[in-house]
Amino acid sequence: MNEEQRATIAAVRERLRSQPRVRLAALPTPLDDCTRLTAELGGPRILIKRDDLTGLAFGGNKVRQHEYVLGRAVAEGADCLVQGSAAQSNHSRQLAAAGAKLGLETFLLPKLDAHSDPVQGNYLVDHLLGATIIPIGAGESTIAAKAALVDRLRAEGRHPYVTGMGADEALALAAVAYVEALFELVEQMTDPLQLDAIYTASQGSTQAGLLIGCELLGLSTRVVGVSPLGPDHEAHIPLDEVVALVHRAAEILGVTTQIGRDDIELRFDFVGDGYGIPSNDGLDAIALLGRLEGTLLDPIYTGKAFAGLVADIRAGRIDHGKTVVFLHTGGLPALFAYAQPVIGHVRDTRAVSCTNDHD
Ligand SMILES: Cc1ncc(COP(=O)(O)O)c(C=O)c1O
């Protein structure tokens with residue numbers, strides 16, 4: 001890193017000190033060098049930034065993001081938190097854990113589906129974190145259910161803080177957390193100029209923050225977001241809105257940005273059959289990384305994103321002489337809620353040898 005980049009990081013960190021923040025995450029997270037995987041794929045050098053290890057109730061990218069999001073909630077006098085998502089939501093689990101730690105009642109509106117019964121994975125953990133759980137039907141709108149709950153809480157004199165889908169300021173604060181994460185990553189690297197690309201599972205915020213961080217440091221690194229859901233899904237954030245959240249995050253940071261639609265590489269080619277449905281290449285990617293590096297991925301977000309990275313390396317789309325970083329955003333409890341499709345695929349493809357029937 002050069003002096004100008006160091007000065008930029010110091011200046012942005014200084015400005016960030018004025019942002020309300022609560023401490024939740026175990027930082028910095030490790031940066032793993034995947035030498036066996038790199039050798040198997042014939043280059044480039046592959047590093048994994050382990051944001052699955054942010055601590056707090058199985059960790060993940062939201063723990064880092066909630067430091068700023070809930071910092072704002074506390075500063076605004078919130079006395080409870082509201083979030084609605086799939087029953088196996090990682091966001092909900094990490095919010096409930098943060099709410100427990102901060103003493104804020106957390107209302108979760110999980111959408112019931114094939115992975116909410118029997119109770120397993122993230123949904124099981126939610127129940128252990130003291131969250132108030134109000135399930136909604138598969139056909140109901142999460143945004144509408146959240147709005148109705150918020151109205152009721154306000155009528156009762158409560159001060160709810162709403163996160164996730166539709167909560168634009170919280171999404172921008174989540175992006176801010178990933179500008180800082182990009183700085184953390186760059187400081188861990190011996191030669192950030194060799195960083196050809198960063199791949200991550202993305203719904204917008206994390207990728208927005210990484211893009212701003214690269215722009216601030218003058219890095220030409222590609223930031224590739226692999227979406228876990230198609231553009232027709234209720235939780236999809238259209239590109240113009242991602243651009244808007246980039247600009248709002250930059251404003252919070254007190255910096256300018258030139259990032260526009262064309263700079264946001266958000267891919268939908270690894271969604272498979274849809275959100276929450278494991279894909280064959282995602283399950284292959286999980287088995288590959290587990291077998292070669294002893295590192296786990298989840299079937300809904302990171303497995304699919306990693307499949308995108310592996311496919312691009314195999315197709316020669318990443319400079320083999322350079323370095324690529326996979327940002328591991330967590331989500332591992334979902335592995336247990338999807339045990340059947342995961343083990344079925346592993347057995348079918350003989351990716352591991354199962355020597356008995358008792359696993
Ligand atoms: C494991 C995992 N990865 C990635 C994401 C997407 O994060 P973002 O909304 O910041 O793009 C999520 C969102 O819930 C997630 O649970």
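Modeller: Let me begin with a definition: helices (H or I, at least four residues) and strands (E, at least two) are DSSP runs, numbered from the N terminus.

Biologist: What makes the peptide bond that joins Asp-117 and Pro-118 a cis bond?

Modeller: Its omega is about 5°. There is another case: the bond from Gly-43 to Pro-44 is also cis, with omega near -5°. Pro-44 sits in the loop between helix H2 (35–41) and strand E2 (45–50). As a general rule, most peptide bonds are trans.

Biologist: Staying with backbone angles, what phi does Ala-57 have?

Modeller: Ala-57 has a positive phi of about 50°, although it is not a glycine. Phe-58, which is not a glycine either, has a positive phi of about 80°. Ala-57 belongs to the loop between E2 and helix H3 (61–75), and Phe-58 is placed in the loop between E2 and H3 too. In general, most residues other than glycine have a negative phi.

Biologist: How do you know whether Ala-57 is buried or exposed?

Modeller: The cut-off for buried is 20 or more other C-beta atoms within 10 Å. Ala-57 has 21 C-beta neighbours inside 10 Å, so Ala-57 counts as buried. Phe-58 is buried because it has 21 other C-beta atoms within 10 Å.

Biologist: And why is Ala-144 called exposed?

Modeller: Ala-144 has 11, so it is exposed. Ala-144 is part of helix H6 (residues 142–155). Ala-144 and Gln-194 are 50 residues apart in sequence, and their C-alpha atoms are 46 Å apart in space.

Biologist: Back to helix H5 (residues 121–128): which of its residues are buried?

Modeller: Gly-121, Asn-122, Tyr-123, Val-125 and Asp-126 are. These buried residues pack against helix H4 (90–102), strand E4 (105–111), strand E5 (132–133) and helix H12 (334–337). After H5 comes Gly-130, with a positive phi near 80°.

Biologist: How is the chain divided into domains?

Modeller: There are domain 1 (3–58 + 168–349) and domain 2 (61–162). Their C-alpha centres lie 23 Å apart. The contact takes 32 residues from domain 1 and 32 residues from domain 2. On the domain 1 side, H7, H8 and H12 each supply at least two residues, and the largest share, six residues, comes from H7. By class, this side of domain 1 has 19 nonpolar, nine polar and four charged residues.

Biologist: How do you know where the largest nonpolar core lies relative to domain 1 and domain 2?

Modeller: That core has 98 residues, and those with the most contacts inside it are Ala-175, Val-176, Val-179 and Ala-249. Helix H7 (residues 168–188) gives the largest share, 15 residues. Both domain 1 and domain 2 give residues to this core, so it lies between them. As an example of its contacts, leaving out residues up to four places away in sequence, Ala-249 touches Ala-172, Ala-175, Val-176, Val-179, Ala-208, Gly-209 and Ile-212.

Biologist: What surrounds the ligand?

Modeller: There are 17 residues around it, and the closest are Asn-90, Ser-205, Thr-206, Thr-329 and Gly-331. H4 and helix H8 (205–217) are the elements that give two or more residues to this shell. H8 gives the largest share, three residues.

Biologist: How do the residues of the shell around the ligand divide into nonpolar, polar and charged?

Modeller: Three are nonpolar, 14 are polar and none is charged. The shell draws at least three residues from each of domain 1 and domain 2.

Biologist: Last one: what pLDDT does the chain average?

Modeller: The average is 94, and 97% of the residues score at least 70. Over residues 351–359, though, the pLDDT is below 50, and this stretch has eight contacts in the model beyond near neighbours in sequence. Where pLDDT is low, the predicted coordinates should not be read in detail.

Terms used: Residues numbered from 1 in each chain as written. Predicted model: local features only at pLDDT ≥ 70, side-chain atom pairs only at ≥ 80, totals over all residues. Buried ≥ 20, exposed ≤ 12 C-beta atoms within 10 Å, placed from the backbone. Contact = placed C-beta atoms within 7 Å. Near = placed C-beta within 6 Å. Nonpolar A, V, L, I, M, F, W, Y, C, P; charged D, E, K, R; others polar. Domains from an automatic or database assignment. Core = buried A, V, L, I, M, F, W, Y, C linked by C-beta atoms within 7 Å. pLDDT = per-residue confidence, 0-100.
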